[in-house]
Amino acid sequence: MFRLLPLVLSGVVLAGCATVEREIPPDQAGAAPGAGPATAAAEAPLVVPPLASLPDTPTRPLAGRFQRVNYSDIPRWTDDDLAQVWSAFLRNCKGLMRPTSGNLALPARATPRAWQPVCAAAIDPARRPVATDAEGVRRFLQTYLQPWRLLAPDGKPASNMVTGYYEPLVRGSRQQGGLNQWPLYMPPNDLLTIDLGAIYPELAGKRVRGKLEGKRVVPYDTRAELENPARRPPVLVYVDDPVENFFLQVQGSGRVLLTEGPDAGKTIRVAYADHNGQPYVSIGRWLIDKGELTADQASMQGIRAWAQRNPQRVREMLNANPAVVFFKEETVTDVEAGPRGAYGLPLTARRSIAVDASFVPLGTPVFLDTAWPASDRPFDRLMFAQDTGAAIRGAARADVYWGFGEAAGQMAGRMKQRGQMWVLWPKQAGEPSAR
């Protein structure tokens, strides 16, 4: 789940991280709301194809380096309770067993052929562990996976910032009226996405968004320009609070409790579909620069309180950020499952992370050594690299998905720790690689 740039304000992280762009995996593109191929694949049993049937694509270089280590070198490896992790491991294997497309505009993925023997063992009754047996799961991992310490490009152990994100809940309606005045847009029909790598190979992975004016491609409309009735995109839902609407866009996905109309009482998921390509501007920084809040006050709670005190200036504040996220509707089939991340699989609370895929390819199990939010208490656990974000850059940079709702949001909003990583990779496959 891509998110807009993190709201980092003088040491304060507001609502986790975000991105300028989310790349939809090929098997999600064009999926119908709530019932696309990726949804069906995520819910179906794991099927591991024969190794010979998995096509290969050229290796993609990784920016970091890796040092082979022992499990005894990983801090608190044996402290992680793995009793509830097996279902997430199997779900991750579903992504690992998808053939790669070779499209360099998409984030790098863990090499499927390297993982085929491990995923095959995971569904073999003679070799798989009992799902609730924490030590059995640990033995399986230690039998089939080799730990590699992630190093920075200079060869030193990588250490970086660890932030958090979550899936918020807001209230709204399909029809505008009453408090429900703040739209979440669907993608406009005239929005263009240009893959620069298709024209200039040296720009592989770079995309721009815009619109046509005559024969010229120009930047797409800003948030303020989209308020013009003649330029307004189709609306998915109207939310009852402008700040909650904004924070949902920052997270890139969320749930909406419909309060009016024939669907009143129903909760839907609004998932990232696209964005307008405009640069992100922090509204917290805007409030600080205007002298409205201090850096210590520029939290989610502080911004909400300012908006309540200054309702006549809310639109001015929001329009300081020209970036807009566009959404599509999805049905919530499992209240415990998170939204799909950039890897195309539902995120798992406290087990999924966003990474820089140029260092850690998507689908890779990672042991993350960090601390609980606003604490020095160790938060060391097995994670799955299943998402990306334009703000998530560098070796060992991570964004932890905390789950759904207000409590998860509180944890995500306070998460700004240092962390390091160990990649777990199939023993028979050598050093970690990407496609």
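Tutor: Let's start with a helix pair: α2 and α3 cross in a left-handed way, meaning that the near helix is turned anticlockwise from the far one by less than a right angle, whereas clockwise would be right-handed. A word on the source: this is a predicted model, in which local features need pLDDT of at least 70 and side-chain atom pairs count only at pLDDT 80 or more, while totals for chains, interfaces and linings use all residues. Residues are numbered from 1 along each chain as its sequence is written, and side-chain values use heavy atoms, with hydrogens and water left out.

Helices (H or I, at least four residues) and strands (E, at least two) are DSSP runs, numbered from the N terminus. Two packed helices are described by the angle between their axes and the distance between the axes. Here, the axes of α2 (residues 86–96) and α3 (residues 112–122) come within 10 Å and cross at roughly 140°. The axes are lines fitted to C-alpha atoms, for helices over the stretch in contact, and angles run from 0 to 180 degrees between N-to-C directions. The two helices are therefore oblique to each other; under 35 degrees counts as roughly parallel, over 145 as roughly antiparallel, 65 to 115 as roughly perpendicular and the rest as oblique.

Which residues meet? From α2 come Trp86, Phe89, Leu90, Cys93 and Leu96, and from α3 come Pro112, Trp115, Val118, Cys119 and Ala122, where contact means heavy atoms within 4.5 Å. By class, this contact has ten nonpolar, no polar and no charged residues. The classes are nonpolar for Ala, Val, Leu, Ile, Met, Phe, Trp, Tyr, Cys and Pro, charged for Asp, Glu, Lys and Arg, and polar for the others, Gly among them.

Helix α2 is mostly covered, with eight of its eleven residues buried. Among them are Trp86, Phe89, Cys93 and Leu96, together with Asn92 and Lys94. Buried means under 20% relative accessible area, exposed over 50%, and partly exposed in between (1.4 Å probe, protein chains only). Across the chain, buried residues make up 58% of the 435 residues.

Now for the surroundings. The chain has nine helices and 19 strands. Six of the strands form an open sheet of mixed pairing, in the order β7-β11-β6-β12-β13-β14; two strands pair if DSSP finds at least two bridges between them. At its edges stand β7 (182–185) and β14 (325–331), each with a single partner strand, so one side of each is left without a neighbour in the sheet. Neighbouring strands of this sheet are turned by 45° against each other on average, direction ignored. Within the sheet, β12 (residues 253–258) and β13 (residues 267–275) run antiparallel, joined by five bridges, with Ser253 opposite Ala271. Helix α5 (residues 242–251) lies across β6, β7, β11, β12, β13 and β14, at about 20° to β7.

Elsewhere, β9 (residues 207–213) pairs in the antiparallel sense with β8 (residues 192–195) over four bridges. Strand β9 is also joined to β10 (residues 216–219) by four bridges, again antiparallel. In the hairpin of β9 and β10, which has two residues between the strands, Gly214 takes a positive phi near 65°.
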